[in-house]
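Reader: Before I rely on the terms used for this structure, I would like to see each one set against its cut-off. Please take me through them with the structure in view.

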Amino acid sequence: MTIFCFNSIRFILLPPQVRWLMAVLLDFEKPLEELIEQLEKAQATHAKGRVDMSDTVAQLTKKINNERKNLYKDLTGWQKVQISRHPERPYTLDYINAITKNFVELHGDRNVGDDKAMIGGLAKIDNHNVMIIGQQKGRNTKERQYRNFGMPNPEGYRKAKRLMKMAEKFDMPVICLIDTPGAFPGLEAEERGQGEAIAKNLMVMATLKVPIICVVIGEGASGGALGIGVGDRVLMLENSWYSVISPENCSTILWRSWDYKEKAADVLSLTSDKMLKNKLIDGIIPEPLGGAHNDPEMMFKTLKAELKKNIKELCELGSKKLVNARIKKFSKMGSFSDSA
Amino acid sequence: MSWFKRVKHGILTKTQDKKPTPDGLWYKCKECKEPTSTKEFELNLWVCPKCNNHGRIGSREYFNILFDEGKFKELDANLTSGDPLKFEDTKPYPQRLESSKKKSGLNDAVRTAIGKINGLKVSMAVMDFAFIGGSMGSVVGEKISRAIDAAIEHKIPMIIISKSGGARMMEAAFSLMQMAKTSAKLALLDEAKIPYISILTDPTTGGITASFAMLGDINIAEPKALIGFAGPRIIKETIGKDLPEGFQRSEFLQEKGFLDFIVERKDLKDKLHEVLSIFGVHKRTA
Ligand SMILES: [Zn+2]
């Protein structure tokens, strides 16, 4: 991606952006480490005001950008999985806060409780009223536990279903932001019917009479992701992943060890480009250079524009057309032949 | 005839209609470890006569047990899987498919058919655990979808007998999307007000439980079948404790409210007929 290459320059002008640039470097980004250190030094010297380092700063910035472009040019499946899990990557609530106005969070499944790993509510995206739903991860240890690492229990899926039916009643498009390492595999989750909860969502979403736009913003693991993933448009952020199993678990099952996760990520074809090629999703939303966390503002802007465009298109279709096309799309997915 | 006397009919197919089993072979029960002659085991519908453990059987056996005179019209028998991802683990996926076909004599992990249950016409899909653990790939999703289409077209009830370890990893996201696909078809069946009975047998886990297996108007199970979303091993690892006795078994699921009832294999056919009759299917499809 070459469109968003100005982020490092912005960081020179805007000190808070340093946090994003200096975010945890992933192992494949190590070549940037030294350059970033040099850049920091040059800036510090410049800031003292005695020596004009602006030329050096500009040069280093350019170098970092080029190097980054190089690193991000040909990412492997596993590298994208790493980006999708970057600790600084924007989560569902970050998008909601940045993209929508008047977000009113709605809680509970009206049965068992309120699942903190699945959030949702009413919101406005400019002049569009929407129902927005998504899995929520936490940033620090405490938050992660509170959000159950973004792994919903059955109540989460049932809350999502309740909100979708409400959206249908009041004729609002539904937006689902998918970011989960999977539905929670716990004892109580089984007791309360994790399988049934997800299954029912698949059925309800298939025939919901309002537009549904799903975006995988980070991790899209298995039934836990699909449980809010049946949409008229299913989109993936460029560096997100979506599959039937995580590369680690796939590696464990196929090769009896986590050590083959890179290979597993490759064979699973879980990246956005491969998912689009296999016609299992409808589109890819480009991320800023260095991933969504490297320039969140730009990412918010891109996603917002993409959502607005899709809402507009889908709202023009009648509900009957919408549902027929949705079912037809999923019915076509598969690879088989009819010869003995 | 006295009111309490139930007449059993159509449950036992004639012995000569079944796959011949050589005399003198023994089946060792997985539960009680007691031996039974394979002949006796088969006559008892592959249920251990000593402890009532329901042995794992496949489409061939269920079609025989459930369809009148063991007769049915199979649908899409020749559908076979592609290899969309060029998937290779310890061996390439096409090789795995080939060896599974040879070993099981099946083309994939489900067979679908139209036949009659005590005179009532139904569309039925039965999963085969013998084919890559009954895992759901494109063929399973497509065949079940088409069987549902047939139920809608002919206005006949849909029955699915699930028996599966879940998704087929070798088809990755293609496999995942079969959950959405089959559930979408069931939503159409639902709108057409055609009954769907889901029968969960040992084992029914993963993506199967999280899609069509749990979506029946009536969900029923054979006794003591393992039924769950996450596998017991993963749950045990997650909570770091041993799982309670009977966890994720049919009886547990009924207690938790996810099954309408549990039925023994010998009663399955009559029970299905009973339920479908009360739904009034025979009148509507007459
Ligand atoms: Zn036994």
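Reader: How many residue pairs are in polar contact between chain A and chain B, and what makes a pair count?

Author: In this predicted model, 10 residue pairs are in polar contact between chain A and chain B, both residues having pLDDT 80 or more. A polar contact is a pair of N or O atoms within 3.5 Å, where within protein one must be able to donate a hydrogen and the other to accept it, and where residues adjacent in sequence count only if both atoms are side-chain atoms. The model's local features need pLDDT of at least 70 and its side-chain atom pairs 80 or more, while totals for chains, interfaces and linings use all residues, and side-chain values use heavy atoms, with hydrogens and water left out. Residues are numbered from 1 along each chain as its sequence is written, and chains are lettered from A and ligands numbered from 1 in the order in which they are written.

Reader: What makes B:Arg146 and A:Asp338 a salt bridge?

Author: A salt bridge requires a side-chain nitrogen of Lys or Arg within 4 Å of a carboxyl oxygen of Asp or Glu. The N to O distance for B:Arg146 and A:Asp338 is 3.8 Å, so the pair meets the rule. Across the interface of chain A and chain B the rule finds 2 salt bridges, and over all chains the structure holds 42.

Reader: How is the area buried between chain A and chain B defined, and what is its value?

Author: Buried area is the accessible area (1.4 Å probe) that two parts lose on being put together, summed over both. For chain A and chain B the value is about 4400 Å², with 74% given by carbon and sulfur atoms. Of the area that chain A buries against chain B, A:Glu190, A:Met203 and A:Phe336 supply 15%, more than any other three residues.

Reader: Why is A:Lys137 called buried?

Author: Buried means under 20% relative accessible area, exposed means over 50%, and partly exposed lies in between (1.4 Å probe, protein chains only). A:Lys137 has 8% relative accessibility, so A:Lys137 counts as buried. A:Glu219, at 5%, is therefore buried by that rule too.

Reader: What links A:Lys137 to A:Glu219, and where do the two residues lie?

Author: Their side chains meet in a salt bridge, at 2.7 Å from N to O. A:Lys137 is in the loop between β3 and α7 of chain A, whereas A:Glu219 is in strand β5 (residues 212-221), so the pair links parts of the chain that are 82 residues apart. A:Lys137 also forms a salt bridge with A:Asp179, whose closest N and O atoms are 3.2 Å apart from those of its partner. Because A:Asp179 lies in strand β4 (residues 174-180) of chain A, this second pair ties together parts 42 residues apart in sequence.

Key:
Helices (H or I, at least four residues) and strands (E, at least two) are DSSP runs, numbered from the N terminus.
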